[in-house]
Number of protein chains: 4
Amino acid sequence: MFALLPEESFTWGDFGVDNELILPKLFREATESCGVCGGVAAGLPMAYLAGFALYALQHRGQESAGLVVGDGSGGKLWLKRGMGLVSEVFPVMAELRDRPGNLAVGHVRYSYGEKKAHPENAEPLLFRYRHGELAVVHNGRLLNGGALREELQAEGAIFQTDTDSELLAHLIARQGNPDLAGALQAVVPRLEGAFSFILTDGKKVYGLRDRHGFRPLSLAGLSGKGFFLASETCAFDTIGAEYIRDLAPGELVILTGEGMESRQLLKPGRPSLCVFEYIYFARPDSNLQGINVHLVRRELGRRLAREHPAPADLVTGVPDSSIAAASSYAEESGLPYEMALVKNRYIGRTFIRPTQQMREEGVDLKLNVVRKIVEGKRVVIVDDSVVRGTTSMKLVRMMRRAGAREVHMRISSPPVIATCHYGIDIPTAKELISHGRTPAAVAGLLGVDSIGFLSEKGMIDAIGLSPEQLCRACFSGVDQYAPA
Amino acid sequence: MFALLPEESFTWGDFGVDNELILPKLFREATESCGVCGGVAAGLPMAYLAGFALYALQHRGQESAGLVVGDGSGGKLWLKRGMGLVSEVFPVMAELRDRPGNLAVGHVRYSYGEKKAHPENAEPLLFRYRHGELAVVHNGRLLNGGALREELQAEGAIFQTDTDSELLAHLIARQGNPDLAGALQAVVPRLEGAFSFILTDGKKVYGLRDRHGFRPLSLAGLSGKGFFLASETCAFDTIGAEYIRDLAPGELVILTGEGMESRQLLKPGRPSLCVFEYIYFARPDSNLQGINVHLVRRELGRRLAREHPAPADLVTGVPDSSIAAASSYAEESGLPYEMALVKNRYIGRTFIRPTQQMREEGVDLKLNVVRKIVEGKRVVIVDDSVVRGTTSMKLVRMMRRAGAREVHMRISSPPVIATCHYGIDIPTAKELISHGRTPAAVAGLLGVDSIGFLSEKGMIDAIGLSPEQLCRACFSGVDQYAPA
Amino acid sequence: MFALLPEESFTWGDFGVDNELILPKLFREATESCGVCGGVAAGLPMAYLAGFALYALQHRGQESAGLVVGDGSGGKLWLKRGMGLVSEVFPVMAELRDRPGNLAVGHVRYSYGEKKAHPENAEPLLFRYRHGELAVVHNGRLLNGGALREELQAEGAIFQTDTDSELLAHLIARQGNPDLAGALQAVVPRLEGAFSFILTDGKKVYGLRDRHGFRPLSLAGLSGKGFFLASETCAFDTIGAEYIRDLAPGELVILTGEGMESRQLLKPGRPSLCVFEYIYFARPDSNLQGINVHLVRRELGRRLAREHPAPADLVTGVPDSSIAAASSYAEESGLPYEMALVKNRYIGRTFIRPTQQMREEGVDLKLNVVRKIVEGKRVVIVDDSVVRGTTSMKLVRMMRRAGAREVHMRISSPPVIATCHYGIDIPTAKELISHGRTPAAVAGLLGVDSIGFLSEKGMIDAIGLSPEQLCRACFSGVDQYAPA
Amino acid sequence: MFALLPEESFTWGDFGVDNELILPKLFREATESCGVCGGVAAGLPMAYLAGFALYALQHRGQESAGLVVGDGSGGKLWLKRGMGLVSEVFPVMAELRDRPGNLAVGHVRYSYGEKKAHPENAEPLLFRYRHGELAVVHNGRLLNGGALREELQAEGAIFQTDTDSELLAHLIARQGNPDLAGALQAVVPRLEGAFSFILTDGKKVYGLRDRHGFRPLSLAGLSGKGFFLASETCAFDTIGAEYIRDLAPGELVILTGEGMESRQLLKPGRPSLCVFEYIYFARPDSNLQGINVHLVRRELGRRLAREHPAPADLVTGVPDSSIAAASSYAEESGLPYEMALVKNRYIGRTFIRPTQQMREEGVDLKLNVVRKIVEGKRVVIVDDSVVRGTTSMKLVRMMRRAGAREVHMRISSPPVIATCHYGIDIPTAKELISHGRTPAAVAGLLGVDSIGFLSEKGMIDAIGLSPEQLCRACFSGVDQYAPA
């Protein structure tokens, strides 16, 4: 399970398994890196619209949020960014409503945990260079970021953040082309890896996607008054923008109030949208490549039911991301779907360390098992993925304590056996419970009566894209774009 | 639909219906009044446990939160209370963990909206009177509160809050009995209406339920070290307390570290637990009168499907409270259950006023309809209740805009035709869409293709209690306990 | 020295004196209890004016601040109060400017330290009673407060605060007279001790001073549009109000937009304004009984110079309260006045605990001695008072470390030998360094070359009132109004 | 008068003078740019000491504060910076006490007003470059900053702040020398103007002063365990550091726990310490070039009395910066010194806009004239400087309203007739009241009975340095280092 909200770390004592699995992070197992948006439109309150778009993208990052706003004339950009949720950085939305500006670019950043949370890394970044101002936001991770930084530093560059956005700004500034599109054309081919960038020079908004399209980026119209870009289409629904299409891998779009220009900046590589966007990251009401995420999850559940039926009395899902797959698993298998796990939506980011008493009772402060539902029953838990396995262990333990007679784990994706080089926070291989273990061995570790992972083919068929259009390196262990 | 989180008011323009229905509150239609908890146990960090219990009860009130903590010796009580969520009033749970005390009483208060939010009304209230200190929390509403206040004021009493807790404290203090149980025995019979009180004098914790048991109150054990009371059993699960039983109507329990004493303080009236606790208020993992709330909601959906089948392609529920009923409606009717409505969990309490553009697009900032799911489809929306009808209107409008071919509304409770005198914030009769209207007329107003309300019998049978054990005055219009 | 800002406690190691003197509070030695204000005027923004008056009175209390505002019609009063400075409770003064209301009453409360800081005790208190609403603020302390509370509690009263304001409200409510002036006439004679009350029923503002006039309270006009009361006249200057006169001891004034009514509520006792108001509490630009505080302090210094000349090279004062006396001491004695002690105005309420290194160096984080001024010099330190003596000890130590050849302490008031029963936070007798010690013995403890206290006659003559008009119980040890 | 605390802008209506003088800023007339500190010492809590040093330097800047801390090994630096006072950025000093680190560098930044307040400009700035990490703080202003930025941008540099610190970091990084001292030696000669820099690479701390020594920077020892640099010596007193000497113009010092190395980095130019440091900026307990600031101000007052005696009854100063000069003016002239102006220390940074009524009454919310002192009197107001003259006008007006018979203005510095190019926020020439006007003309504008400015010679003699050692360009209009 991939929790939407950041979770506090705590150890849950001895699970009776090998120690390498007993890691401090129990809940959050992997997460997305960021959400980006931006657009330009004459006569619309773009700061306000971008602010709402950030709300819609908040599930993609809760560490920091920020906006740059401009009047579209190339005049001075206004910047506000800070640590925390959109509602914490922009507590008074009316201020955004009243802030004039035809152009805005926004960002929400995923939290890698307190230790690595640096206010300096909050985006947008705003630079002054020889051709004026430049604001940049991004989602993804460059494979050759380290090498490029070293090269730039060797030439005398200084860095104030750890972001790929600052790296791109350096490249643009050194390129020297007063035309930003031209500068991008010159430097973007040097970038390897996953990235969706949005930039603005205060006059236009530029959107850019890597040659494989690892990270999503979609384009919408604003009632004929302009255009808007966002990581996910749910942002468009929130502000009443009309979805046009996803950016093509390697495409650069240049937005103005008057129109939109497209350039194929990079020779497109094999499209490789991250399959985890469908499985866990994206909001169910978003469409990726025109395919609705919720409907994919439903189909994943149906195929899982066919591939791995379970001799059980009921099916339950882990809120919120596994509910869709769990309910269709139940439908397909003819079992009742019950909400046996209830999530406390108010715990939020509070730091919680249970007392000894609570630990002994196996109580959980965020999730509660409904004893009346599971007592004496054979339960199927459908989860979207298993990464470290620590969350699964805990769930199983909770189910057993609540009286479940049998616990069958069904996972609507294949075993995760490799880490990700493209910006997803998946731990190293040896921390992955499925790395080097058969499902049976994993079942043993988790203490379940049976386990079933959806096959890679099942997953791909459920989505409906061809296998080549999806990056599945963390499932296959084969990363054809990875650095040698 | 009853939203769990407070919603900002905004008008959605002209719905083409009579004006009396176009009210500023679109989302929150009715709400619960409060959550209470408290207990005493030797050697347990009671402030910490009560703090977690408040988290578990947070859905019952988000306006204010507070705790009193004592050492059980009758020594000075520590009080902290404030406006906002538990996480706002107690931002550092470690402070509660480290606060010594064998005894604690807590409260979360429902928000009646900014206008009526008074910091003074936050509970617990802490009084000094002739026999020492007295802390009081409550859930409910006295029918004769106004009369008692007038009587007390005529005798020279002064009031600093609008709460029934202060009223009870005045009665206790005037009664003059140094024994708190004795004082309660003397004055509680004067109270008419709905109430669940928890009190402490710093030595013991007292729990008290009105003669009809309108508002829930349950008792649990703490591993043999003490006892704990809470509005809902989900609080027990959170802290590892062992459920014992619900308090009987009219019962007073007196808790100490050593044991528990029970007195039938009031001649029990006909039990009348508020049926809305099952339908909407309570958390699905709570049990009321030993009956699990989630399972009731599932049964409500099944019976609704049988009473009011719909010629449709799919079923959807309104998150979060209607999901259970919607999924069982789907199962029972053989239709697929889809999550066509997606809720943005981050909007929270941000004040939001959509722009003209957004209004025209019919976009909603908190709920989003998944177009890919409903487009060209005949959709059943299952909701738990319809009060004013404004939320329903908005949902229907959103569905139509997203391309739904037909919209069939199914409600897992009967039409609400009367207001509540027992503390539930239901508007006056003329604001109720079903007041004086047939379902067909309501369907016309809402603009749906059909509507179906679960029958009162269906509702009662789904719960499994006898009709006499439930207060259904808002559905029947017959309130046998109401003041003449 | 009496510091204006609350100070953090720290021990400064071994001063080589008897242990009873080594107390945690080094800086704040005694302090005033509160500041009150209130008024009514047609067409003026009274919330705003009262807010500024609170700023002017802030030196009288920094623990909490609050305001009630009404429209003068007896309609519902608006209340806001909270812990902290005026600028913390009312961070946006524009909100007060825009709050309509012809009537306002405000309060700042002195901080008795974190331990005793209770949000519940913040004033104004707002009560509802049989005749409507009633708001109360006060400055002072009742001698028979405990007895009255007991009596009221015995009759069934409940208390939610420790304030005398709540006590007065109880008495008023029990009295039963719908006319507030009449009720005050009936109950105020029962109050013994020091008090300046301001009350409002939402229609009029009532100001009231005890029969001895222990605590100040002055009256001003508002350009013919109304009247205003405040603890000190500096509040009038801030808002442009025209000083009329001080209230007489035992006088009640009743203010409306139309006019002002005065009643001699209490048979006036011997007037006894607290002499510490002149010595330390009041702001130098305030006038008490028509006598300017700064000019009194200057005269205290001059008389001190005549009574206790010192063979020295320069004179310095302890900022801020002793500067006036120190400079006139210098003038009178023909010695240069130097600012050898510099105060850091930014330390504020920060908690500071010096390191071992800093302790060894004798450094102070709030005060700094200017070595270049005192090195090799014979220094006279003029301070306004010595209570515990711990501050003086520290100052002497700092002077010595900075190279002062001789240190002569001169105090512009007599030795404090008794505690105060009227609301001033003077410690118990055995904590007072002058209690039971001759000045020579005190000099020995403090480690100064000489010490000189202004005589009681010198102090009285400097003020210019007759000795009977001033309360000097803490200097004389004779408290003729104290409870037997 | 130069106010220590930032003031809110407001217009005070028509002063009957030419409009160019009626500027929005009435109080703050000129201000210093920043305070810097930093040091390294084995075994001392350097974060804590640097935090206290920032408190001592707070008067030099209230817009932002920040610290970098390192362990002296070159390991990763910890950075915290933010908008506001030291007490706002580091609300819990205990966190600094507990933060390990032998090395720290800190900064407080002067507020140029809300409009220009950019969180991005808060220092220290922390850079990563080819040779590791680099933190920089500075005080001053480069004359050729614009040209250097353009040059660097032309080479592809990007800027994220407006600071000279970022500029220096770029130059260092481009220089390429792995030895930071060597890099400084190479690039610092390119810097023109006023600067005191402190830098750290995490191993050593580097302090650097421009060739004329415009801005102060002093060195102290830490009990043999290390060294500490600060803008003013008052910071040393606060932390118990032992003053060693001021840095020489053009000197670079390199501090380690073991020792201190000095290099004459720049050929020293004519020393030119900003004379305003003595007149207004520095804290009275600081010594500059070994000369105590308070004693200079006293001497300024004495010489002013001799140059410009006044036929008056009393002398008063403008708190806080003019008190020293005013009191010695009084002593020298044999007139009594009175504190006729009282400052409200609690107004702070609250935004205040007086009402029409208050404006008509001429009331001031921050300063109050004590009528009892000045009524019917001939008053000498001693102020440290007159820049725009708006504050003086207001003071005169207040004095007149309070009944002063005559008002004589005496200024303890010469007329300011030119702006400053070295970082002091003095307005342009045409905004300066003395620019192109004789003192008599200025007196006419201000509405005083007489005015007297201290002569330049008197000022220089009072300080005791040779005229060549002081920058007096704003008084003389001759700036020998200014760009052609």
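**Figure 1. Helices α9 and α15 of chain D cross in the predicted model.** Axes here are lines fitted to C-alpha atoms, for helices over the stretch in contact, and angles run from 0 to 180 degrees between N-to-C directions. The model is predicted. Helix α9 (residues 293-307) and helix α15 (residues 456-463) of chain D have axes that come within 8 Å. They cross at roughly 145°. The crossing of α9(D) past α15(D) is right-handed. On the α9(D) side, the contact is made by D:Val296, D:Glu299, D:Leu300, D:Arg303 and D:Glu307. On the α15(D) side, D:Gly458, D:Met459, D:Asp461, D:Ala462 and D:Ile463 take part. Five residues of this contact are nonpolar, one is polar and four are charged.

**Figure 2. Helices α9 and α15 of chain B pack against each other.** The angle between α9(B) and α15(B) (residues 456-463) is about 145°. Their axes lie 8 Å apart. α9(B) passes α15(B) in a right-handed sense. From α9(B) come B:Val296, B:Glu299, B:Leu300, B:Arg303 and B:Glu307. They meet B:Gly458, B:Met459, B:Asp461, B:Ala462 and B:Ile463 of α15(B). By class, the contact of α9(B) with α15(B) holds five nonpolar, one polar and four charged residues. An α-helix has 3.6 residues a turn, so residues three or four places apart point the same way.

**Figure 3. Helix α5 of chain B is largely enclosed by the rest of the structure, because ten of its twelve residues are buried.** α5(B) covers residues 164-175. From its first C-alpha to its last, α5(B) reaches 17 Å, close to the 16 Å expected at 1.5 Å a residue. B:Gly176 follows α5(B) and has a positive phi, near 90°.

**Figure 4. Helix α5 of chain C is mostly covered.** α5(C) has twelve residues, 164-175. Ten of the twelve are buried. The helix reaches 17 Å between its first and last C-alpha, close to the 16 Å expected at 1.5 Å a residue. Which residues of α5(C) are buried? They are C:Asp164, C:Ser165, C:Glu166, C:Leu167, C:Leu168, C:Ala169, C:His170, C:Leu171, C:Ile172 and C:Ala173. Their cover includes β5 (125-129), β6 (132-142) and β7 (193-200) of chain C. It also includes α4 (145-154) and α6 (180-187) of chain C. Just after α5(C), C:Gly176 has a positive phi of about 90°.

**Figure 5. Chain B meets chain A.** In this interface, 49 residues of chain B contact 49 residues of chain A. Seen from chain B, α1 (46-57), α2 (86-89), α7 (234-239) and α9 (293-307) are among the helices that each supply at least two residues of the side that touches chain A. Others of this kind in chain B are α10 (323-333), α11 (356-361) and α12 (371-374). This side of chain B has 27 nonpolar, 15 polar and seven charged residues.

**Figure 6. Chain B superposes on chain A by a rotation.** The rotation is 180°, with 0.1 Å of shift along its axis. The RMSD is 0.0 Å. The same surface serves both copies, as 100% of the contact residues of chain B recur in chain A. B:Glu331 comes closest to the rotation axis of the residues of chain B, at 3.7 Å (C-alpha).

**Figure 7. Chain C meets chain D.** Here 49 residues of chain C are in contact with 50 residues of chain D. On chain C, each of α1 (46-57), α2 (86-89), α7 (234-239), α9 (293-307), α10 (323-333), α11 (356-361) and α12 (371-374) supplies at least two residues of the side that touches chain D. That side of chain C comprises 27 nonpolar, 15 polar and seven charged residues.

**Figure 8. Chains C and D are related by rotation.** A rotation of 180° superposes chain C on chain D, with 0.0 Å of shift along the axis and an RMSD of 0.1 Å. The two copies are therefore related as by a two-fold rotation axis. Of the residues of chain C, C:Glu331 lies closest to this axis, at 3.8 Å (C-alpha). Both copies use the same surface: 100% of the contact residues of chain C recur in chain D.

Key. Residues are numbered from 1 along each chain as its sequence is written. Chains are lettered from A and ligands numbered from 1 in the order in which they are written. This is a predicted model: local features need pLDDT of at least 70, side-chain atom pairs count only at pLDDT 80 or more; totals for chains, interfaces and linings use all residues. Two residues are in contact if their C-beta atoms, placed from the backbone, lie within 7 Å. Helices (H or I, at least four residues) and strands (E, at least two) are DSSP runs, numbered from the N terminus. Ala, Val, Leu, Ile, Met, Phe, Trp, Tyr, Cys and Pro count as nonpolar, Asp, Glu, Lys and Arg as charged, and the others, Gly among them, as polar. Copies are superposed by least squares on the C-alpha atoms of residues with pLDDT of at least 70 in both. The expected span of a helix is 1.5 Å times one less than its number of residues. A residue is buried if 20 or more other C-beta atoms lie within 10 Å of its own, exposed if 12 or fewer, and partly exposed in between; C-beta atoms are placed from the backbone. A crossing is left-handed if the near helix is turned anticlockwise from the far one by less than a right angle, and right-handed if clockwise.
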